[in-house]
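Reader: I am new to this structure and would like a close look at one part of it. Please keep the explanation plain.

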Amino acid sequence: MSISSPSVFLLNVTGQIETGRFMGGDNLYFNYSFASGQDWEVILGLEECASQSARRSDDERQVFVWNFPIDITFKSTNPFGWPQIVICIYGKDFFENEVIMGYTACHIPITPGIHTRRLTTFVPESASTVQKLMSWLTGRRPEFVDPKLITQGRGREVTRVRSQGEITVTFNVMMKDFAKFGYDCGATGRTPYLAAPVKPPPSITVPREGQSDA
Amino acid sequence: MAEIHIIGQITGASGFPKASLFCKWILQLGGGWRVVEGLVEGQTQADQSEVSDTVSWCHPLDIHLATRGIQGWPRIMVQVYRQDDLSRIDLCGYGIIHIPTKAGHHTVTCHTWRPVGTFAEELRRAFLGGGPQLLSTEFIHSALERYRLLTVASGSVHFELGIILRNFEKYGVMC
């Protein structure tokens with residue numbers, strides 16, 4: 001066979017973390033990172049990075065603009081553990097303390113193409129009202145020790161959070177050799193490699209009465 | 001064996017009374033299905049929104065299933081509860097959705113419902129909480145027993161699901 005079967009498929013993600021909307025806070029910046037399963041490996045690009053600090057816009061939009069570029073390529077043999085992007089947003093509160101303003105995570109889209117996601121962010125909540133008051137006064141808000149906790153399903157039931165704010169991300173997704181593994185991710189207009197066009201059957205002529213089929 | 005990857009999130013819920021809400025989810029499979037990798041049940045974080053009645057759970061789903069047949073296509077059953085400051089929990093709604101059968105990205109909304117009691121029970125629920133709950137989840141996933149229930153609409157749970165299929169075309173199954 002002339003075409004060699006590939007051993008890995010590649011997933012390339014480019015895009016921007018565009019804007020955010022938050023009610024309180026100013027001078028916001030974020031750290032983003034990617035979390036993926038054991039079968040996945042980053043072969044190119046930054047797996048974690050920090051953004052610039054953005055000030056709220058003066059106009060009626062009241063929006064924070066980062067326009068932060070992301071560019072990363074993964075290789076894998078298995079879709080399980082599909083990469084997720086984790087974004088942790090920090091900012092200054094009313095007393096100029098640097099506090100956590102929100103966490104959010106989402107899977108990289110599984111279909112090639114351009115995707116825009118609006119992600120709601122949330123912050124962990126203090127356990128009691130007294131702790132809430134103390135954290136507001138001292139500026140030490142509850143944070144997750146490991147932000148990658150929000151990319152897992154296990155252990156989430158003990159967390160209490162309050163959702164506030166949203167962030168808009170644009171992804172451009174490209175894949176190489178994904179279909180050659182037999183996977184169909186619903187990419188429109190493309191047939192999987194293994195579903196090669198069927199050759200038309202040879203025409204069969206039935207001999208008419210009185211004729212031989214020689 | 002044909003395989004399915006379910007990669008997505010329980011993003012959140014809307015339409016419920018403003019409270020701290022969380023959701024228990026269970027993946028239900030037919031007999032011919034096998035879980036290769038991933039968690040098949042869990043509980044989301046408890047979230048209360050600052051501004052609107054939309055809560056955000058951001059709970060990842062990553063499940064790898066294998067099957068020999070298309071009967072018993074996987075379904076996700078959800079039970080939404082609210083939690084108050086004293087950590088008492090109260091039922092808000094039940095719901096079930098089938099995993100989409102088509103490959104690609106899907107936004108699925110699960111409309112939930114809750115059982116309705118007598119007038120006295122509903123009045124008590126409005127003031128004190130704690131209305132009727134189902135003893136068995138069979139009433140959620142089985143169509144046969146639903147005729148016994150009187151229910152009222154509750155809010156909606158939102159899913160963003162990415163479905164990757166493998167080898168279904170090889171077996172002649174069109175999805």
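Is Cys175(B) buried, exposed or partly exposed?

Author: Cys175(B) is partly exposed, with a relative accessible area of 43%. Here buried means under 20% relative accessible area, exposed means over 50%, and partly exposed lies in between, with a 1.4 Å probe and protein chains only. This is a predicted model, in which local features need pLDDT of at least 70 and side-chain atom pairs count only at pLDDT 80 or more, while totals for chains, interfaces and linings use all residues. Residues are numbered from 1 along each chain as its sequence is written, chains are lettered from A and ligands numbered from 1 in the order in which they are written, and side-chain values use heavy atoms, with hydrogens and water left out.

The sulfur of Cys175(B) has its closest cysteine sulfur in Cys185(A), 14 Å away, so the two are too far apart for a bond. A disulfide is a pair of cysteine sulfur atoms within 2.5 Å. Cys49(A) counts as partly exposed, at 24% relative accessibility. Over all chains, the count of disulfides comes to zero.

Elsewhere in chain B, Asn167(B) lies in the segment after strand E10 (151-166). Strands (E, at least two residues) and helices (H or I, at least four) are DSSP runs, numbered from the N terminus. Asn167(B) counts as buried, at 18% relative accessibility. Its phi is positive, about 70 degrees, although the residue is not a glycine. Most residues other than glycine have a negative phi.

Glu96(A), which is not a glycine, has a positive phi of about 65 degrees. Glu96(A) sits in the loop between strand E6 (84-92) and strand E7 (98-107) of chain A, and it is exposed, with a relative accessible area of 57%.

Helix H1 (residues 119-128) of chain B is hardly covered, since one of its ten residues is counted as buried. After H1(B) comes Gly129(B), with a positive phi near 85 degrees.

Ser76(A), in strand E5 (residues 64-76) of chain A, is buried, with a relative accessible area of 1%. Leaving aside residues up to four places away in sequence, Ser76(A) touches Val8(A), Phe9(A), Asp39(A) and Trp40(A), where contact means heavy atoms within 4.5 Å.
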